[in-house]
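Look at the model first, then read on.

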Amino acid sequence: MSFERMREKLSILADAAKYDVSCASSGGKRENTNKGIGNNTGMGICHSYTEDGRCVSLLKILLTNHCIFDCAYCVTRKSNDIKRAAFKIQEVVDLTINFYRRNYIEGLFLSSGIFKNSDYTMERLVAVAKKLRLEENFNGYIHLKSIPGTSDELMREAGLYADRLSVNIEIPTISGLKLLAPDKKHEDFIKPMQKVKNEILQYKAERKIIKSTPRYAPAGQSTQMIIGATGESDKDIMYSATYYYKKFNMRRVYYSGYVPVTTDNRLPSLQTEVPILRENRLYQTDWLLRFYGFSVSELLNDQYKNLALDIDPKLSWALRNLDFFPVDINKADKNILARIPGIGMQSVSKILQARKFRKLDWTHLKAIGIALNRAQHFIICNSKDFYHKDITPYTLKNIILKTSKSKHTKYFTNQLSLF
Amino acid sequence: MNPQTILLYDGSFDGFLTCVFTVYEQKIGTPIIRKESESNNQLFTISETIITDETKSNRVWKGIKTKIPSSQQKILFKAFLSEIKGVENTLLCYIKNIFDTPNATLIDYSNKDILKISQVAKMVGREKHRMEAFVRFQRTKDDIFVSTIEPDFNVLPLLIYHFKDRYADQKWLIYDIKRSYGLYYDLDKVDIITLDFFSKLNTSVQKENYADNELDFQKLWQTYFNSVNIKSRKNSKLHLQHLPKRYWKYLIEKNEI
């Protein structure tokens, strides 16, 4: 193996793969029982962080950036004049093993441009995973991209070697997809998702009867959407995210702010800034839906189509529903506590534990670590000092904004100075 | 005025538990437990050096085990490994509390000692997790994967199972430069060893001892690290928050080779 050539290929094919946000390495259930290499039993590890602050946990590369498709938002689309390269199957295997042995990575995230056709490409991705598992005795994490339009048979095999499978839906609306990726069909994305979901369910059911049934994609499946490429609203995005969570038992939906990579009149111009703050608000909403018991229509509906940028989605829900408050910290149920702005799920469980011993007051709550600058306006506890109830949502919002320091302030100061 | 008793021990967990045993055995009221290395003779104090005795320490640990669940035992051990000055005394208060209360299984986060211990344990846990991430092995000529680290807390004992389970088929060594000891896995078991080879001046493997290709793979890793960065999303604050500068010294991707 020529290391010079490898370096060149690696820089091309890692560069092309970096717009995939998923870097999760948790949820795998592969124990190192055979004195092989690698152990993946639950917690993910971020081995490093890039200068943009994102975690590096997997060797995230494309097998090749040759592609027969011409999707407007993608760097590797066929009409783009860039350097092309391809790894051999054995090269990816060697790279993964050698990086893993040095504790650089948790495993492999392998995606690919589509060459010839879907099945031909997917076959190669599966071959890498198979080689790692069977020949190298590798128990680390493997995330394979399902190529849209792959046959069911290949998808079944993929899940036996991979921990996670994903298809990126990329564009949240069907009309957007038609505009930007005319070669791709919505059904082609859905088919492998459906297959993976069914297989997971089936293997799980069989495992209940026969213990030795192998696990199928133990870390489930995920998908990704590009934010801000087609003018979709936050409501469009979150409603389709909810659809994928429910319909296909997605483990995660990722939101990726569109990074302008090309000039195309269908897309935002090259100077457009990456919508990092919007992305952040979408993730917060995603968390509220998955862990805090909110339903999507409470946060986004026809009246409120987009999330507020200056405050977090939970706070903006609370301001719209002031009659829900105040909540008594010492009495309220878990799901009610979870709805108080400034209190996260960890604080909720600490509050539940601590209040068995004594009634909690402001100092206890502060020690537990809740964000009092927001929470104090929505709760009562074992104290005589409370906020005044007769404040309008608008004033309350301003009070909170004044007392809080957001790392995002720079994004909305322009807006505020207009008033 | 009663002089205060200072118990000096060798710094090991067994040593600390032996001190706890002595406190009960000799009915010492308000002792201070301190490492020998931190001792300074004070007026109006009696210092006593406690010799580590495993039968005594085992008895104390056995007693603790019947009183609190394993999650709490881990927290106690982690807090001890923090080596924060005076942590022994907070732990002693906590252990006394465990033995005095009939049912100590519930965790009272509004109790000051417990909150402090669980916070310290969390810090140690975080450092352990960081080391699981930031260890970078370098393959040597004699086919051992060697890594040197300088963790904030004494987390090596917490790392044994993680690395043993993960790298079962390769010989590896993780050496704590700050505390001058390391873990060595010989394909069968993990031993605690001390070496003269590493010191505060000589903190890593020299290039001439690298295995073939070692340098090439380090370069490949750097190439990878630089290629996955998205420049238009640069966020130095976040980068430093996740990857504080004090760890850079041992991270291949943050150094020139």
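Q: How far apart do the C-alpha centres of domain 1 and domain 2 of chain A lie?
A: This is a predicted model, so the distance is computed from predicted positions. Chain A is divided into domain 1 (3–220) and domain 2 (313–411). Between the C-alpha centres of these two domains of chain A the distance is 41 Å.

Q: How many helices and strands does chain A have, and what share of its residues is buried?
A: Chain A has 16 helices and 12 strands. Among its contacts with a separation of 6 or more, 70% join residues 24 or more positions apart. Of the 419 residues of chain A, the buried share is 43%.

Q: Why does the span of helix α6 of chain A agree with its number of residues?
A: Helix α6 of chain A covers residues 186–209, which is 24 residues. At 1.5 Å a residue, the helix should span 34 Å. The end C-alpha atoms agree with this, because they are 36 Å apart.

Q: What covers the buried residues of α6(A)?
A: The buried residues in α6(A) are A:Phe189, A:Pro192, A:Met193, A:Lys195, A:Val196 and A:Ile200. Their cover includes four elements of chain A: α4 (152–161), β8 (164–166), β9 (221–227) and α7 (234–248).

Q: Which element gives the largest share of the side of chain A that touches chain B?
A: In this contact, 45 residues of chain A meet 41 residues of chain B. The elements of chain A that give two or more residues are α1 (3–17), β3 (48–49), β5 (58–62), α2 (89–101), α12 (345–354) and α13 (362–368). By class, this side of chain A has 12 charged, 13 polar and 20 nonpolar residues. The largest share, 7 residues, comes from α1(A).

Q: Which residues of chain A does B:Ser227 touch?
A: B:Ser227 is found in helix α7 (residues 214–227) of chain B. This serine, B:Ser227, is buried, because 20 other C-beta atoms lie within 10 Å. Leaving out residues up to four places away in sequence, B:Ser227 touches A:Leu10, A:Ser11, A:Ala14 and A:Asp15.

Q: What does B:Ile174 touch?
A: B:Ile174 is one of the core residues that touch the most other members. Residues up to four places away in sequence are not counted here. What B:Ile174 touches is B:Val135, B:Ser147, B:Ile149, B:Leu156, B:Leu159, B:Phe163, B:Gly182 and B:Leu183.

Q: How many residues does the contact take from domain 1 and from domain 2 of chain B?
A: Chain B is divided into domain 1 (4–127) and domain 2 (135–254). Their centres, taken over C-alpha atoms, are separated by 32 Å. The contact takes 5 residues from domain 1 of chain B, and from domain 2 of chain B it takes 7 residues.

Q: Is A:Lys116 buried or exposed?
A: A:Lys116 lies in the loop between β6 (107–111) and α3 (118–134) of chain A. Although A:Lys116 is not a glycine, it has a positive phi of about 60 degrees. With 10 other C-beta atoms within 10 Å, A:Lys116 is exposed.

Q: Where is A:Pro326 found?
A: The peptide bond from A:Phe325 to A:Pro326 is cis, with omega near 0 degrees. A:Pro326 is found in the loop of chain A between α10 (313–320) and β11 (327–328).

Terms used
Residues are numbered from 1 along each chain as its sequence is written. Chains are lettered from A and ligands numbered from 1 in the order in which they are written. This is a predicted model: local features need pLDDT of at least 70, side-chain atom pairs count only at pLDDT 80 or more; totals for chains, interfaces and linings use all residues. Two residues are in contact if their C-beta atoms, placed from the backbone, lie within 7 Å. Ala, Val, Leu, Ile, Met, Phe, Trp, Tyr, Cys and Pro count as nonpolar, Asp, Glu, Lys and Arg as charged, and the others, Gly among them, as polar. A nonpolar core is a set of buried Ala, Val, Leu, Ile, Met, Phe, Trp, Tyr and Cys residues joined through C-beta atoms within 7 Å. A residue is buried if 20 or more other C-beta atoms lie within 10 Å of its own, exposed if 12 or fewer, and partly exposed in between; C-beta atoms are placed from the backbone. Domain bounds come from an automatic or database domain assignment. The expected span of a helix is 1.5 Å times one less than its number of residues.
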